[in-house]
Amino acid sequence: MRRTIELSVLSFILAFMIGIVAAACRVSPVPPLRWASATYIELVRNTPLLVLMFLMVFGLPSAGFTFSFYASAIIVLSVYTGTFVAETVRSGVNSVAKGQGEAARAVGLTFPQTLRLVVLPQALRTVVGPLGGIFIALLKNSGLAVVINVPELTAAANEVGTNTARFIPAFLGASVAYLMLTVPSGFFVTWLEHKVAIKR
Amino acid sequence: MTASFLGDELGPRGRRMTRIVSAISAVLLAAFLFVLLTRLGDKGQLDEAKWRPFTQWLVIKFFLEGLRFTIQLALVSMVGAMVIGTVMALARLARTRLVRWVATAYVEFFRGIPLVLLIFFCALGLPAYGVRLSLFWYVALGLIVYNSSVLGEIFRAGILSLDRGQTEAAYSLGMGYWQTMGLVVIPQAARRMIPAIVSQLVTLLKDTSLGSAIAFEELLRRAQINGEFFQNRLQSLVVASLIYIVVNFALSRLARRLEVRQRRKYKAGAIVVPGGGMDLAVLGAQADAAGGGGAI
């Protein structure tokens with residue numbers, strides 16, 4: 001269970017960073033950046049997470065990079081989740097009133113500055129809710145790390161079940177554990193949403 | 001895309017900056033791709049031998065059948081989930097507190113656990129209690145149960161997003177609860193929910209790949225089998241992912257187009273599905289989501 005939390009939190013932080021960068025590229029006026037990030041987002045978003053995991057484990061060594069299972073899991077999870085973060089942040093950016101951008105230009109801020117100081121803070125506050133949802137989904141997706149041998153909660157449930165042949169209690173136990181993670185997270189996110197909500 | 005970003009046309013200095021950064025990033029990107037491809041080539045991944053199996057009809061058929069199973073799985077699960085989801089949504093909005101409570105418990109429980117776990121549970125736990133089904137149905141069952149809670153929430157959001165005035169008008173005309181629901185509320189709510197449903201279908205398609213974990217022969221599993229047989233794992237996976245990407249991308253486009261058309265035709269926003277592809281997980285707060293916002 002600890003592994004699950006570790007995996008999820010680390011991946012989320014990474015995904016968050018990747019997502020923001022990708023979102024920034026997506027709306028940037030620089031065409032190659034826009035194209036690159038759009039391709040990345042569409043490619044990764046539309047492939048199942050399992051496929052990505054296997055690609056990572058079977059594919060990358062062939063390309064010359066080898067990582068431990070644990071690191072691979074984190075990388076895949078964050079790359080995958082990063083796409084959703086990017087999409088969400090992008091919608092957040094789009095929802096920030098145009099006047100803000102115009103005002104920033106009028107004051108003389110450059111594009112990166114505008115993003116950093118004006119747009120993103122507002123966009124991020126709007127987007128806290130969906131981001132929380134993404135985190136919770138990540139918690140659940142981390143269960144897939146079992147297919148690349150990371151000792152994670154789902155794997156433990158499987159093991160216990162196979163060893164004792166009492167599957168249903170084992171899975172119920174795991175379910176409860178997951179619920180203990182996801183439900184409070186849900187409450188926390190709603191609370192956070194209210195705290196940072198932009199008063200209109 | 002127009003030349004104005006974040007609100008304003010870029011001046012001469014802005015344009016120059018843009019050109020410089022474009023050039024630099026283009027070069028970097030090209031370099032990155034080049035390095036990637038040469039490394040793959042070095043390790044023999046671009047060998048013809050590894051890619052040739054895909055020109056054989058048998059192999060292509062193998063993959064396509066996998067795709068067929070995947071789509072079958074998705075459609076069956078979708079229909080099942082929609083039926084149960086509707087029941088759940090209505091139950092959550094019921095007037096009897098007990099019914100509401102049971103439905104809420106169901107929804108929250110199945111949304112909070114990973115789908116993988118659910119599928120393993122079906123495949124390993126059910127036989128222990130004497131329920132034996134084909135692999136297809138294990139996965140389908142898991143998918144149906146899970147998605148019924150997600151769809152239930154979407155439906156509920158859809159129903160709640162409808163203008164109160166509609167129900168009030170219906171009641172004032174003397175319609176009963178079920179009449180109002182059937183003739184007024186649900187038809188309108190259904191229209192709004194279509195993009196979200198299609199979006200969920202995309203997620204559903206991706207989740208069918210979990211069937212591979214219990215050796216159900218859908219697309220991913222077949223890619224794995226193929227890979228081991230021909231010793232071209234990477235290539236098989238790449239082919240499989242391309243198939244997934246094409247199918248899902250098309251579906252997403254469809255969803256987006258439906259949403260735009262909807263907004264224009266009915267002047268009603270669609271239900272926002274946050275995270276577009278990962279499901280709604282914020283408890284209850286989505287119930288009031290209606291219209292506007294970015295189409296994700």
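**Helix packing in chain B**

I began with helix α3 (residues 57-92) and helix α8 (residues 177-207) of chain B, whose axes come within 9 Å and cross at roughly 130°. Axes are lines fitted to C-alpha atoms, for helices over the stretch in contact, and angles run from 0 to 180 degrees between N-to-C directions. Helices are DSSP runs (H or I, at least four residues), numbered from the N terminus.

I noted that this is a predicted model, where local features need pLDDT of at least 70 and side-chain atom pairs count only at pLDDT 80 or more, while totals for chains, interfaces and linings use all residues. Residues are numbered from 1 along each chain as its sequence is written, and chains are lettered from A and ligands numbered from 1 in the order in which they are written.

Which residues make the contact of α3(B) with α8(B)? I found Thr70(B), Ala74(B), Ser77(B) and Met78(B) on α3(B), and Leu201(B), Leu204(B) and Leu205(B) on α8(B). Contact here puts C-beta atoms, placed from the backbone, within 7 Å.

**A bend**

Next I followed α8(B) and saw a bend of about 45° at Met193(B), with Pro195(B), a proline, following within four residues. The bend is the angle between axes fitted to the seven residues ending there and the seven starting there.

**Another partner**

Last, I looked up helix α6 (residues 135-161) of chain B: α3(B) packs against α6(B) at an angle of about 45°, with axes 6 Å apart. α3(B) passes α6(B) in a right-handed crossing, and α3(B) passes α8(B) in a right-handed crossing too. Right-handed means that the near helix is turned clockwise from the far one by less than a right angle.

How values were computed. Helix = DSSP H or I, 4+ residues; strand = E, 2+ residues; numbered from the N terminus. Contact = placed C-beta atoms within 7 Å.
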